[in-house]
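Trainee: Please pick one part of this model and take me through it closely. I would like the cut-offs as we go.

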Amino acid sequence: RPGGVHLSASKMNNMEIPRAAPLLLLLLGLASPASALSASSPLVRARVAAATAPAVHASPLLRRLHPPVASAATLQQPDAAASTAAVAPEDEWIARVDLAAFGKECRELGSRLEKGQGEADVKHLKRMILWSNLCGAVGVATMWMKPNFISVMGLSLWTMSRWTMIAHHTCHGGYNKQDDGTGRFTSLGFALGSVQRRAMDWLDWMLPEAWNVEHNNLHHFRTGEPGDPDLVERNLVTMRDFPLPAKLKYVAVAAVAAMWKWFYYAPNTYKQLRMHEMRRNGEEIPSSVDKHDPFTIGKFLPGMASEAPALGYNFVDYMRKVAGPFMLIRFLLLPAPLLLVNPLFFRRAVVNLLLADVMSNLHSFVIIATNHCGDDLYAFQNSVTPKSPSFFMRQVITSVNFRTSNGIRKDGTARPVHGITADANDFMHGWLNYQIEHHLWPQLSMLSYQKAAPQLRAICEKHGVPYAQHSVFRRLKKTADVMVGAASMRQFAPEWEAEEDKFEWKA
């Protein structure tokens with residue numbers, strides 16, 4: 001959409017694109033609003049039209065479409081007359097689920113796990129912090145050397161683990177009840193309030209306050225829905241519809257993976273924070289703002305029809321509050337002492353830090369972008385009551401686990417619950433290999449997820465609810481297929497929903 005001009009997919013198919021230009025055009029297109037190239041995508045158009053933005057922490061947050069009924073929650077039969085298409089074999093399980101019983105067991109398991117948390121969870125957190133800090137220490141101590149794998153991996157793992165493990169679970173309140181009185185490792189204190197606190201607790205491209213709004217609220221309560229800001233299928237509609245050979249699209253996926261945090265995630269989370277602040281202040285979001293359109297760094301370029309001015313900020317504000325502090329501290333202040341020793345050491349350190357950032361982007365993309373994407377996971381067209389039976393079921397069927405060392409052996413027996421081997425496996429996955437359990441009970445600790453996985457899997461098998469668990473690399477392929485348009489998410493038809501669980505988020 002250069003110069004703010006909309007190009008439909010049909011018109012682009014008739015354009016003559018220079019052979020050297022298509023990949024550049026695609027990357028440029030990713031910086032424009034997703035709606036610019038979505039005219040030929042009725043699925044995405046329907047989802048965006050149906051979406052309304054939730055007023056996070058507003059009062060009231062929700063409005064019931066249907067009052068609760070005394071009878072047990074039941075899913076509508078997918079083969080009912082209301083259905084307009086034949087039910088695929090993969091969807092036949094829906095008619096057989098005792099939704100109320102499934103939800104009850106999930107709720108009870110979560111309650112037991114939360115009540116069982118204590119000193120062991122705190123000790124485990126401290127051990128993971130030690131591992132993270134050791135990675136950072138190795139990277140910092142060797143970054144003066146010529147660019148090398150040890151420095152890059154140490155710095156990359158330090159950044160990744162500080163976000164996906166320590167910040168992630170702390171900001172969700174996983175250790176709130178085990179607070180030592182300082183309030184540091186709680187959802188109300190970690191990395192919040194100042195640049196100093198951010199630098200000490202969790203320094204990354206994203207502003208912690210912005211991430212808390214985008215991730216903890218919007219993503220977790222609306223997973224797989226039009227209002228989910230992390231809905232890959234919608235956010236990548238430009239790439240999916242772009243008239244480009246599939247091989248070049250996969251190359252573009254790799255390019256996006258190497259820069260996604262600063263290119264998309266940091267600016268998009270800040271957009272969500274600004275809208276949240278406007279709602280909290282009683283201001284109305286301008287009609288010109290597409291609440292669900294992904295905001296990339298490229299939207300700050302002239303002619304890209306950025307909604308930032310309508311939300312009260314610009315590129316300078318973004319740099320000052322969000323990306324600037326990270327860039328200054330990580331790439332300049334951290335290696336600055338080496339200038340006193342040898343300017344060459346400083347330059348080498350900056351190169352190692354930059355390479356580590358690319359590695360951290362790649363690593364985090366592989367273990368994050370793949371959590372809720374694939375042709376075997378479901379997407380939804382509306383919302384349901386948080387913590388309802390339908391909500392618990394949705395979190396399972398729109399999420400996926402990676403390899404867990406405490407999972408189930410081929411003979412059906414459970415592996416040991418936790419230990420060094422399990423922790424090492426889970427550390428390298430950023431503890432996101434328990435994504436299903438995390439989405440059912442985001443307020444739990446890392447240790448609790450290790451305990452929960454075999455139990456939740458057994459509950460799902462008992463009730464016939466699909467529980468996806470694959471290698472992270474298999475999930476990467478499935479995610480890339482959706483991103484380039486070679487595959488699509490499974491659709492959970494609205495007529496299959498339990499009427500008593502339906503909800504609508506207030507705009």
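Mentor: What follows is a close look at one helix, then at parts around it and elsewhere in the chain.

This is a predicted model: local features need pLDDT of at least 70, side-chain atom pairs need pLDDT 80 or more, and totals for chains, interfaces and linings use all residues. Numbering starts from 1 along each chain as its sequence is written, and side-chain values use heavy atoms, without hydrogens or water.

The chain has 19 helices and five strands (DSSP runs numbered from the N terminus: helices are H or I with at least four residues, strands are E with at least two). Of its 507 residues, 56% are buried (under 20% relative accessible area; exposed is over 50%, partly exposed in between, with a 1.4 Å probe and protein chains only). Take contacts between residues at least 6 apart in sequence: 75% of them join residues at least 24 apart (contact means heavy atoms within 4.5 Å).

Now the part itself: helix 15, residues 389-397. Nine of its nine residues are buried, so the rest of the structure largely encloses helix 15. They are P389, S390, F391, F392, M393, R394, Q395, V396 and I397. What covers them? The cover includes helices 4, 8 (208-221), 17 (435-440) and 18, along with strand 2 (378-379) and strand 3 (383-384).

Look at the way in. The loop between strand 3 and helix 15 holds K387. K387 is not a glycine, yet its phi is positive, about 70 degrees. K387 is partly exposed, at 34% relative accessibility.

Two of the covering helices also meet each other. The axes of helix 4 (residues 99-115) and helix 18 (residues 446-463) come within 11 Å and cross at roughly 165 degrees (axes are lines fitted to C-alpha atoms, for helices over the stretch in contact; angles run from 0 to 180 degrees between N-to-C directions). The pair is therefore roughly antiparallel (over 145 degrees; under 35 is roughly parallel, 65 to 115 roughly perpendicular, the rest oblique). On the helix 4 side, the contact uses A101, F102, E105, C106, L109, R112 and L113. Helix 18 brings S448, K451, A452, Q455, L456, I459, C460, K462 and H463.

Helix 17 has a loop of its own to note. W431 sits between helix 16 and helix 17. Its phi is positive too, near 60 degrees, and W431 is not a glycine. At 2% relative accessibility, W431 is buried.

Helix 16 (residues 420-428) includes M428. M428 is partly exposed, at 38%. M428 and M160 lie 268 residues apart in sequence, but their C-alpha atoms are 9.2 Å apart. Beyond four places in sequence, M428 touches L157, M160, H363 and I367.

Last, a buried polar site. N352 belongs to helix 14 (residues 343-368), with a relative accessible area of 0%. A polar atom of the N352 side chain lies 3.1 Å from the backbone oxygen of M145. Among the contacts of N352 are T142, P147 and S151. T142 is in helix 5 (residues 119-142) and is buried at 16%. The T142 and S151 side chains make a polar contact at 2.5 Å (N or O atoms within 3.5 Å; within protein, one able to donate a hydrogen and the other to accept it, and sequence-adjacent residues count only if both atoms are side-chain atoms).
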